[in-house]
Amino acid sequence: MTTSDLDHLLARSRAAAAPWGSLTFGERERQLRRWATELVRSRTAVIATVCEETGKPRADAELELLVGLEHLRWTARHAGQTLRGRRVFPGILAAEHQARVERRPVGVVGVIGPWNYPVLTPLGVLAGALAAGNAAVFKPSEYTTQTGRAMVEAFARANPGSADVLRLLPGGAEAGEALCRGGVDKLAFTGSTRTGRAVMAACADTLTPVVLECGGNDALLVAEDADIGAAARAAAWGAFSNAGQTCAGVERIYVARAVGEEFLAALTAELEPVRAGHHYGRLTTPRQEEVVRVHVEDATANGGRFLIGGPESFRGAGLVDPVVLADVPEDRPAVREETFGPVVVVRLVRDLDEAVARANAVPQALGAAVFSRSAGAAVAGRLRAGMVSVNGMLTFAGVPGLPFGGNGASGFGRVHGREGLMEFTSAQAVTVRRADLTGSGLTRLRSPWWKPLVLRALIRLRHG
Ligand code: NAD
C-alpha cells in the first residue's frame, strides 16, 4: 500500500467506526459470532495457510484456532455486561447530581501482530477492540500476511454490511510505522520488545495510546514438594511446543536441588523421542534460527553444558531438536534475553526463595509457572510476572476471562478478558443534575453571602 492508500483506508475505517460503535452490544455479539462461524467454515483453508506460513504442524494450528475462537466467543458475549455504565456516589459537593462512568469506544484501533501465533494473538486483540465498539485496522506480520487476510476476509464474508469495520493493512515495518503515525485512536502491538520501543516512540508524536504485548523470558519453578512427573511434562510442553516460539513459553527452569536429579531424569525421558519436524515444526524465520544458534554457542562457550542435544541438534532449514542447557552463567543472553526457540536453561537452586529471586532478575516479566504441592499460590504473589500458572503450563492463556499481558520489558496493558475489553474504551465521567436545592450557590461566580461560611464548615466537618 502507498501512504495515500493507507489514508484512504483509515478514512473508511473512521467512517465505519461511528455506526459500529452505536450498535447494541447484542448486535455486535451476533456479528462477531457470525465471524467465528465463518472462520470455522473456512478452517481447512485457514489452517493450511497457517501451517504453510509458519511451518507449524496441523495439530498446533488447530489448537491455536480453537483457543482463539474461545476468546472471540467469550469477549463477544461478555462485552455488554463488562462495559455497561455504572453509577457512582456523587459525594456531598455534587449531592444534587447523579454521577455515572460510561465506557466509550476509542474509535479506530490499529492492531500490529506477530507471526508466531498468527491467528490466536490478533484474534484475542481484535475481539476486544471490535466488541467494545471500535473499528480496527490489522497489520499482520509480513511472514503471515495470508493468514491475516483470511481472517479479515472471513469477517467481511460473515458481515458484508460491516466490512469496513475490520480492514487489512499488509506490509512490514514501514507499514507498521505508518499505521502508528496514521492517526489511529489506539495502537495494540504484539511483537518483540525492540519493536515495541519503536512503536511507542512513533505513537508518542501524536500521543496515540499504546498496548504493548512484548517478548517474554518465562521461568518455571519446581519446588521440593512438586509432582515431578507433571513438572517435567509441563516443562517439555512449555519450552518446546511451537518450536519454543511462544511469547509465554518456558525459557528458564529453576529446580530445588533436592529433587534436581529426579526432575532431570523425568525431563530427559520426556524429551528422548522428541524430534523437530515431527513433534513440533521448523523455526519460522532464518533470523530466528540465527538468534537461537548464537545464544546456544555463547552459553556453551561460557561454561554452559548440554544436558540434552548438542551442536548436532541444528539440522538445517529451521529444524532444531530439543536443547537443554545447564550451568549457563546468569548474565549470558541465553538467560537474560528471549531465545524464542527449542532451547531451555536449567539451574538447580537451594529452595523456592532462590528460585523466585532468579526468576525475577531479568528485564522481562510476562508469564511464569510454579510446581509445588503446598506453596504455589503464595509464590505467585512474589513473582513480577503478569500471569502465573500453578501446577499447570500456560493455563492462563486458555482462560478467556483472564487478562493476558506482562510487566517490565514485556510491555504493559492487557488483552483478553474484562481488562482486555476495558483497554479499548475510554472512561467518560458524566453528571446529570437531578435537583437544585441550593440554587447552585456553591458554584456560582456571584457568590451568595453564606458561601464562605458553608465552605469553612464543610472543611472543618469533613477534614478537620
Ligand atoms: P517483531 O517485533 O519483529 O514484529 C512484530 C510486528 O511489528 C510485525 O507485524 C512487524 O511487521 C511489525 N513491525 C516491525 N517493525 C516495526 C516498526 N518499526 N513499527 C511498527 N511495526 C513494526 O516480532 P515478531 O518476530 O513478529 O514476533 C515475535 C515476538 O513477539 C517475540 O518477541 C514474542 O515474544 C512476541 N510476542 C509477544 C506476545 C505477547 O502477548 N506478549 C505474543 C506473541 C508474540
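Let's start in the loop between α8 (193-204) and β7 (210-213), because that is where Leu-207 sits, and Leu-207 counts as exposed at 74% relative accessibility. Its phi is near 55°, a positive value in a residue other than glycine. Keep in mind, please, that what we have on the screen is a predicted model.

There is another residue of this kind to show you. His-416 is not a glycine either, yet it has a positive phi of about 70°. Is His-416 buried or exposed? His-416 counts as buried, because its relative accessibility is 9% and the cut-off for buried is under 20%. You will find His-416 in the loop between β19 (411-412) and α15 (417-422).

Now let me zoom out for a moment. The protein chain has 16 helices and 20 strands. Its C-alpha atoms fill a box of roughly 85 × 60 × 35 Å, taken along the principal axes. Of the 464 residues in the chain, 53% are buried. And if you take the contacts between residues at least 6 apart in sequence, 71% of them join residues at least 24 apart.

Next, a pair of helices. Please turn to α2, residues 25-41, and α4, residues 58-83. How do their axes cross? They come within 9 Å and cross at roughly 180°, which means that α2 runs roughly antiparallel to α4. On the α2 side, the residues that meet α4 are Phe-25, Glu-29, Leu-32, Arg-33, Trp-35, Ala-36, Leu-39 and Val-40. Facing them from α4 we have Leu-69, Leu-72, Arg-73, Ala-76, Arg-77, Ala-79, Gly-80 and Leu-83. By type, this contact divides into 11 nonpolar residues, 1 polar and 4 charged.

While we are looking at Phe-25, have a look at Arg-28 too: its charged end sits over the ring of Phe-25, 4.9 Å from the ring centre.

Staying with α4 for one more stop, Leu-63 is in that helix, and Leu-63 is partly exposed, with a relative accessible area of 41%.

On to the aromatics. How many aromatic pairs does a search of the whole structure find? It finds 4. One of them is Trp-20 with Phe-155, an edge-to-face pair with 6.2 Å centre to centre and 75° between the planes. This pair links distant parts of the chain, since Trp-20 belongs to helix α1 (residues 3-21) and Phe-155 to helix α6 (residues 145-158), 135 residues apart. Both partners are tucked away: Trp-20 is buried with a relative accessible area of 2%, and Phe-155 is buried at 0%.

Another pair is Phe-396 with Phe-404, whose ring centres are 6.3 Å apart with the planes at 55°, so that pair is tilted. Phe-396 and Phe-404 are both buried as well.

Before we leave the rings, one link back to the helix pair.

Two more residues and then I'm done. The loop between β12 (319-320) and β13 (323-326) holds Pro-322, which counts as buried at 3% relative accessibility. Which residues does Pro-322 contact, leaving aside its neighbours within four places in sequence? They are Phe-240, Leu-271, Val-274, Tyr-280, Ile-308, Gly-309, Ser-313 and Pro-342. Pro-322 and Ala-243 are 79 residues apart along the chain, with their C-alpha atoms separated by 8.5 Å.

Finally, Gly-260, which lies in helix α10, residues 260-271. Gly-260 counts as buried, at 0% relative accessibility. Not counting residues up to four places away in sequence, Gly-260 touches Val-255 and Leu-348. And from Gly-260 to Val-349 there are 89 residues in sequence, with 8.6 Å in space from C-alpha to C-alpha.

That's my tour, so over to you for questions!

How values were computed
Residues are numbered from 1 along each chain as its sequence is written. This is a predicted model: local features need pLDDT of at least 70, side-chain atom pairs count only at pLDDT 80 or more; totals for chains, interfaces and linings use all residues. Side-chain values use heavy atoms; hydrogens and water are left out. Axes are lines fitted to C-alpha atoms, for helices over the stretch in contact, and angles run from 0 to 180 degrees between N-to-C directions. Helices (H or I, at least four residues) and strands (E, at least two) are DSSP runs, numbered from the N terminus. Angles under 35 degrees count as roughly parallel, over 145 as roughly antiparallel, 65 to 115 as roughly perpendicular and the rest as oblique. Contact means heavy atoms within 4.5 Å. Ala, Val, Leu, Ile, Met, Phe, Trp, Tyr, Cys and Pro count as nonpolar, Asp, Glu, Lys and Arg as charged, and the others, Gly among them, as polar. Rings of Phe, Tyr and Trp (its six-membered ring) pair if their centres lie within 6.5 Å; planes under 30 degrees apart count as stacked, over 60 as edge-to-face and the rest as tilted. Buried means under 20% relative accessible area, exposed over 50%, partly exposed in between (1.4 Å probe, protein chains only). A charge sits over a ring if NZ of Lys or CZ of Arg is within 6 Å of the ring centre and within 35 degrees of the ring normal.
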